[in-house]
Amino acid sequence: MRNLIPSSLPRGLAVAALVVVTTACASGGGRSRPATSAPPPAADAALPLEGEWRLTTMQLADGSSRRVTGYLRFDRFSNITVHAELAPDEPVARPPRTVVADFTAKAQPGDGALDYTGLSVGVGAERLTDDAVNMAEWRHYEVSGDTLRVSARDRAGRAAATLVFERVR
C-alpha cells in the first residue's frame with residue numbers, strides 16, 4: 001500500500017488529518033440525514049386489515065344468514081386472498097356449487113372500500129353458487145376491533161351480502 005500522507009507533514013498532524021477525513025467519510029461528511037417520512041395514508045389504512053381472518057358467517061340483505069367456512073388474508077404488501085364457501089351442513093349448499101367468493105388481488109384500502117388490481121378468481125364458474133356475485137364486488141369493508149365485515153352491495157348501495165370475519169392473528 002502506498003503512503004498517502006506526504007512526508008513533509010509532521011507525523012502528529014498527518015494522523016489527525018487522517019482521523020478527520022476517515023470520520024467525515026464514515027459519517028456522510030457530517031451532514032444531517034432527513035428524517036424518515038411517515039408511511040403514506042394508504043399504508044396506514046391497510047394496518048387494521050393486515051393479518052389472517054377466519055370467516056364466521058355470511059349475512060344476507062333480508063336478515064338471514066348462511067353457515068360458511070373460509071378465510072381472508074391481508075399482508076403488509078397489500079395482497080389479499082379471500083375464500084368463502086358454504087359449510088357442508090348449510091341447507092342451501094348444492095355441491096359442487098358451494099363457493100361464494102374465492103380470489104386474490106392487490107388491494108388498496110381507502111374510505112371503507114378496497115380498490116383491486118390484478119384480481120384473479122381462484123375457482124371456475126362450475127364451483128360458484130348460483131347467487132355468487134362478481135368477485136370485484138366484495139370491496140366494501142369495516143373493521144371493528146377483531147371483527148372485519150366485507151360486503152358486496154346492490155345497485156342502490158345497500159349491503160346485499162356481508163362476510164363476517166374474526167381476527168386469527
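Ser 78 lies in the loop between S3 and S4. Helices (H or I, at least four residues) and strands (E, at least two) are DSSP runs, numbered from the N terminus. The model is predicted, so local features need pLDDT of at least 70 and side-chain atom pairs count only at pLDDT 80 or more, while totals for chains, interfaces and linings use all residues. Residues are numbered from 1 along each chain as its sequence is written, and side-chain values use heavy atoms, with hydrogens and water left out.

Ser 78 is not a glycine, yet it has a positive phi of about 70 degrees. Its relative accessibility is 14%, and Ser 78 therefore counts as buried. Here, buried means under 20% relative accessible area, exposed means over 50%, and partly exposed is in between (1.4 Å probe, protein chains only). Asp 111 also has a positive phi, of about 50 degrees, and is not a glycine either. Asp 111 sits in the loop between S5 and S6. Asp 111 counts as exposed because its relative accessibility is 83%. A further backbone feature is the cis peptide bond joining Pro 95 and Pro 96, with omega about 5 degrees. Pro 96 belongs to the loop between S4 and S5. Most residues other than glycine have a negative phi, and most peptide bonds are trans.

The protein contains two helices and nine strands. Along the sequence, the order is α-α-β-β-β-β-β-β-β-β-β. Of its 169 residues, 30% count as buried. Contact is defined as heavy atoms within 4.5 Å. Among contacts between residues at least 6 apart in sequence, 45% join residues at least 24 apart. The accessible surface is about 10800 Å², and carbon and sulfur atoms hold 54% of it. Accessible areas come from the Shrake-Rupley method with a 1.4 Å probe; for residues, only the protein chains shown count as cover.

Asp 75 is placed in the loop between strand S3 (68-74) and S4. Its side chain reaches the backbone nitrogen of Asn 79 at 2.9 Å. Asp 75 is partly exposed, at 30% relative accessibility. Asp 75 and Lys 106 are 31 residues apart in sequence, and their C-alpha atoms are 9.8 Å apart. Thr 98 lies in the loop between strand S4 (79-86) and strand S5 (99-110). Thr 98 counts as buried because its relative accessibility is 8%. The Thr 98 side chain makes a polar contact with the side chain of Glu 85 at 2.7 Å. Beyond four places in sequence, Thr 98 touches Ala 84, Glu 85, Leu 86, Ala 93, Arg 127 and Thr 129.

Gly 51 is part of strand S1 (residues 51-60). With a relative accessible area of 21%, Gly 51 is partly exposed. Gly 51 and Arg 167 are 116 residues apart in sequence, yet 7.4 Å apart C-alpha to C-alpha. Neighbours within four places aside, Gly 51 contacts Leu 72, Arg 73, Phe 74 and Arg 169.

A nonpolar core is a set of buried Ala, Val, Leu, Ile, Met, Phe, Trp, Tyr and Cys residues joined through side-chain atoms within 4.5 Å. The largest core has 31 residues, of which Leu 72, Ile 80 and Trp 138 touch the most other members. Elements giving two or more residues to this core are S1, S3, S4, S5, strand S6 (113-121), strand S8 (147-153) and strand S9 (159-167). S5 gives the most, with six residues. Residues up to four places away aside, Leu 72 touches Gly 51, Glu 52, Trp 53, Ile 80, Thr 81, Val 82, Leu 148, Val 150 and Phe 165. In soluble globular proteins, nonpolar side chains tend to be buried together.

The structure holds one cavity of 30 Å³ or more. On a 1 Å grid over the protein atoms alone, a cavity is a set of points where a 1.4 Å probe fits but cannot get out; lining residues have an atom within 4 Å of a point. Grid points are joined across faces, edges and corners, and a volume is the space filled by probe spheres set on the points. The largest cavity holds about 40 Å³ of space. Its lining consists of Leu 49, Leu 72, Phe 74, Ile 80, Leu 114, Tyr 141, Leu 148 and Val 150. S3 and S8 each supply at least two residues of this lining.

Definitions and conventions. Polar contact = N/O pair within 3.5 Å; in protein donor to acceptor, adjacent residues only side chain to side chain. 1 Å grid on protein atoms, 1.4 Å probe; cavity = no way out; pocket = protein on both sides within 12 Å on 5 of 7 lines; lining within 4 Å.
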